[in-house]
Amino acid sequence: MLAGGQGSRLRPLTPMLPKPLAPVANRPVLAPVLEHLDRSGIEETGVIVPVADLTLYQRIIGTRTPAGAPVRWLPEAAAAGTGGCLRQQAAFFAGEPVLVVPADIVSSADLTRLIGHHRSVGAAVTVAAVARDGALWAGDVLVPGRARSGTAAGYHFKPASSSGQLLGSTGAWVVEPDVLDRIPEHGFTDFSSHTLPGLPAPGAPLGLFDAGEIYLRDIGTPAKLLTGNLEAAAGRTPAAVPTAPGAGAEIDPSADVGEQVLIGEGARIAADVRLKGPAVIGPHAVVGAGAHVESALVLPGAHVAAGTRVVGEVVGDPVRTREVLLRLAARR
């Protein structure tokens with residue numbers, strides 16, 4: 001799992017709060033990603049993280065997935081790119097094919113079928129892709145192969161313009177060890193912009209797995225983080241989402257709490273507050289008397305002042321959010 005990016009698009013939450021620890025439905029987004037791996041039968045996960053954040057990840061997430069599978073934290077001493085960091089962790093892969101997923105994208109892609117497809121086509125790398133409108137898609141694009149079903153004729157890194165229906169990369173790959181061996185041991189190599197566009201090559205087919213109609217949410221900007229939380233509150237994600245308020249939450253009897261509102265543990269909702277869903281109120285957040293919160297994300301530990309109207313916003317402080325996440329993890 002790749003968790004080594006700088007998260008610059010998610011500022012001001014980052015860098016104090018690494019992007020994979022940003023909350024979705026009152027849990028770090030990394031938690032539902034690990035649950036996805038559990039559902040796919042993955043027996044051990046290595047998570048590549050910046051060495052400076054290693055202790056933070058260990059304290060908040062721990063060493064097991066929600067189902068109990070081992071999680072190994074693989075520190076990245078210096079930014080080496082998605083390709084470079086995979087090359088540096090070759091010892092973890094032990095010469096076997098590796099399933100690579102991003103730590104900040106919630107997806108319902110069938111990873112078991114992705115792995116099976118990779119084996120069946122004998123690809124060097126197989127990319128899971130989804131059909132997208134080219135006028136709206138800003139990510140990487142694959143061109144289906146004509147001579148051989150299940151393969152791609154090319155991979156394009158964030159093309160400047162596209163039109164019509166296209167196949168966009170989900171960020172999930174299966175990679176053969178000899179591909180990693182060709183990545184330089186030192187320096188910066190981005191797998192998406194440096195390695196994948198060089199495929200297919202002689203003896204190295206590029207596999208294309210059509211993931212079909214799936215849920216796919218990148219939380220890489222504040223707007224996307226908000227959208228991911230509102231979708232979770234509305235029950236539109238594959239992740240399990242609690243509907244009852246968390247333990248110790250205090251809700252004044254005069255508060256108007258609508259449907260599709262998630263309230264974290266220890267949160268306090270004062271008198272005459274109106275919460276209109278979908279919305280997420282983080283653990284130990286405080287919503288002051290008479291406030292109106294609608295289609296919003298109130299981060300863990302945040303304070304909404306009395307009488308304030310919050311609509312379509314992310315409210316909170318990354319330092320306070322980090323403190324609350326650490327406190328909750330310490331009590332596990």
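Is W73 buried or exposed in this predicted model? W73 is buried, with a relative accessible area of 10%, where buried means under 20% relative accessible area, exposed over 50% and partly exposed in between (1.4 Å probe, protein chains only). In this predicted model, local features need pLDDT of at least 70 and side-chain atom pairs count only at pLDDT 80 or more, while totals for chains, interfaces and linings use all residues. Residues are numbered from 1 along each chain as its sequence is written, and side-chain values use heavy atoms, with hydrogens and water left out.

**View A. The aromatic pair of Y57 and W73.** The structure holds three aromatic pairs; rings of Phe, Tyr and Trp (its six-membered ring) pair if their centres lie within 6.5 Å, and planes under 30 degrees apart count as stacked, over 60 as edge-to-face and the rest as tilted. The ring centres of Y57 and W73 are 5.5 Å apart and the planes stand at 35°, so this pair is tilted. Because Y57 belongs to helix α2 (residues 54–61) and W73 to strand β4 (residues 71–76), the pair ties together parts that are 16 residues apart in sequence. Helices (H or I, at least four residues) and strands (E, at least two) are DSSP runs, numbered from the N terminus. Y57 is buried, its relative accessible area being 0%.

**View B. The largest pocket.** A pocket is an open set of points on a 1 Å grid over the protein atoms alone, with protein on both sides within 12 Å along at least five of seven lines; a cavity is a set where a 1.4 Å probe fits but cannot get out, and lining residues have an atom within 4 Å of a point. The volume of the largest pocket is about 1,400 Å³, a volume being the space filled by probe spheres set on the points, which are joined across faces, edges and corners. Its lining comprises 39 residues, with R9, K19, I105, K158 and D218 nearest the centre. At least two lining residues come from each of α3 (81–88), β10 (165–175) and β12 (216–218), and β10 provides the largest share, four residues. By class, the lining holds 16 nonpolar, 12 polar and 11 charged residues; Ala, Val, Leu, Ile, Met, Phe, Trp, Tyr, Cys and Pro count as nonpolar, Asp, Glu, Lys and Arg as charged, and the others, Gly among them, as polar.

**View C. The second largest pocket.** This pocket has a volume of about 730 Å³. Of its 26 lining residues, I42, E44, P97, V98 and L99 lie nearest the centre. The elements β3 (45–50), α4 (90–93), β5 (98–100) and α5 (111–121) each supply at least two residues, and α5 gives the most, with four. The lining divides into 15 nonpolar, six polar and five charged residues.

**View D. The largest cavity.** Strand β10 contributes the largest share, three residues, and α1 (30–39), β6 (105–107) and β10 each supply at least two. Eight lining residues are nonpolar, four are polar and none is charged.

**View E. The second largest cavity.** About 50 Å³ of space lies in this cavity. Among its lining residues are V24, R27, P32, V106, T237 and V241. The lining consists of eight nonpolar residues, one polar and one charged.
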